Amino acid sequence: MKECYLGIDVGSISTKGVIIDKNNNIISSSYIWTEGNPMWAVKKVINNLKKDVVKKNTKISGIGVTGSARKLIGSMIGANVVRNEITAHAIGTLSIFPQVRTIIEIGGQDSKIVILEDGIVMDYAMNTLCAAGTGAFLSSQAKRLGVDIEDFGDTAIRSNNPAKIAARCTVFAESDLVHKAQTGYSKEDIIAGLCNAVVNNYLNNVARGKKIVAPIVFQGGVSKNKGVVKAFENILNEKIHVDKRGHLMGALGIAILSKESNLKEPFSFQITNVKFETKSYECGKCPNHCEVICVYKNGELIDIMGNKCERGLENFYSNK
Ligand code: SF4
């Protein structure tokens with residue numbers, strides 16, 4: 001039986017899983033929406049992957065978990081490695097682009113930048129608070145303009161005169177978009193303007209103060225949008241590398257890291273229903289009103305989820 005490794009990246013919007021062989025080749029992958037239930041999503045991803053493992057006569061010798069619910073899921077499926085998203089994304093990306101110096105990631109609800117030198121993470125930043133530079137923002141604007149989000153990129157690259165759209169926050173961007181539509185800009189120019197706005201928002205908020213050095217790799221759901229890729233290339237005047245497996249980089253990276261220490265027993269794909277208790281509270285420290293969920297196993301706190309920033313934990317520690 002061939003030895004393989006399972007990597008799971010469980011995020012608030014999507015859950016990704018890969019199985020890799022000893023040489024880091026992805027032999028199976030699954031990508032689904034988390035739908036607010038990370039435990040359900042991970043079970044579904046593992047079920048999707050299981051078929052390939054059985055078919056290819058392989059055994060799982062390592063399990064890695066990353067993402068926002070990593071501790072809970074790691075405990076649920078018996079992972080031997082649990083790491084944060086920055087490390088997992090860097091390792092996954094380096095396995096495909098060994099020379100990468102800058103990783104740009106824009107997902108459904110958040111975005112990141114990771115700066116590397118000689119394969120080592122030197123700096124990073126994450127933004128979970130401003131929606132104006134994310135996939136969710138582009139999807140809502142596509143709906144507003146009556147354009148399918150799948151066609152957004154192709155429409156944008158047909159523009160010769162992108163509209164200037166304020167990128168500071170969603171409220172400004174939305175009202176500016178309506179204004180530009182009223183003043184007669186074409187759909188192509190408005191959409192190209194929105195792509196530029198997403199890039200400018202990212203550069204001003206997420207990448208602020210960081211030196212973006214080539215080679216640059218762009219990943220996350222928004223990297224599939226050709227309009228945003230073109231906007232990054234025009235604004236940074238650099239080639240932007242996008243890999244079709246970009247949405248799986250976190251899962252790939254954590255699968256690679258799971259090789260560090262082998263599981264005592266190969267993973268049997270039997271996920272026992274471990275009993276977890278949850279307590280939640282609302283963080284009222286800003287208008288986001290995040291629902292912060294604390295997860296306990298046998299009375300011991302194993303994970304805290306739902307807070308978009310560290311301030312959301314202050315209530316938890318002050319009420320302990
Ligand atoms: S955790 Fe609290 S302070 Fe942070 S974004 Fe959510 S509501 Fe605002």
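Colleague: Which residues does Glu 105 touch, not counting residues up to four places away in sequence?

Modeller: Contact means heavy atoms within 4.5 Å. This is a predicted model, where local features need pLDDT of at least 70 and side-chain atom pairs count only at pLDDT 80 or more, while totals for chains, interfaces and linings use all residues. Residues are numbered from 1 along each chain as its sequence is written, and side-chain values use heavy atoms, with hydrogens and water left out. Leaving aside residues up to four places away in sequence, Glu 105 touches His 89, Asp 110, Ser 111, Lys 112, Tyr 202, Gln 219 and Gly 220.

Colleague: Is Glu 105 buried or exposed?

Modeller: Glu 105 is found in strand S6 (residues 102-106), where helices (H or I, at least four residues) and strands (E, at least two) are DSSP runs numbered from the N terminus. Buried means under 20% relative accessible area, exposed over 50% and partly exposed in between, with a 1.4 Å probe and protein chains only. Because its relative accessibility is 10%, Glu 105 counts as buried.

Colleague: At what angle do H7 and H8 pack?

Modeller: Axes are lines fitted to C-alpha atoms, for helices over the stretch in contact, and angles run from 0 to 180 degrees between N-to-C directions. The axes of H7 (residues 187-206) and H8 (residues 226-236) are 8 Å apart. The packing angle is about 55 degrees.

Colleague: What does that make H7 relative to H8?

Modeller: Angles under 35 degrees count as roughly parallel, over 145 as roughly antiparallel, 65 to 115 as roughly perpendicular and the rest as oblique. At about 55 degrees, H7 and H8 are oblique.

Colleague: Which residues of H8 meet H7?

Modeller: From H7 come Cys 195, Asn 196, Val 198, Val 199, Asn 200, Tyr 202 and Leu 203. By class, this contact of H7 with H8 has ten nonpolar, three polar and no charged residues, where Ala, Val, Leu, Ile, Met, Phe, Trp, Tyr, Cys and Pro count as nonpolar, Asp, Glu, Lys and Arg as charged, and the others, Gly among them, as polar. The H8 residues are Gly 227, Val 228, Ala 231, Phe 232, Ile 235 and Leu 236.

Colleague: What kind of pair do the rings of Tyr 202 and Phe 232 form?

Modeller: Rings of Phe, Tyr and Trp (its six-membered ring) pair if their centres lie within 6.5 Å, and planes under 30 degrees apart count as stacked, over 60 as edge-to-face and the rest as tilted. Tyr 202 lies in H7 and Phe 232 in H8, so the pair ties together parts that are 30 residues apart in sequence. The ring centres are 5.6 Å apart and the planes stand at 85 degrees, so the pair is edge-to-face.

Colleague: Which residues do ring pairs link into a cluster?

Modeller: Phe 218 and Phe 232 also pair edge-to-face, at 5.1 Å centre to centre and 70 degrees between the planes. Phe 218 lies in strand S9 (residues 216-219) and Phe 232 in H8, so this pair ties together parts that are 14 residues apart in sequence. Phe 218 is buried at a relative accessible area of 1%, and Phe 232 is buried at 0%. The cluster consists of Tyr 202, Phe 218 and Phe 232.

Colleague: How are H4 and H7 oriented to each other?

Modeller: Helix H4 (residues 135-145) packs on H7 with the axes 11 Å apart. The angle is about 165 degrees. H4 and H7 are therefore roughly antiparallel.
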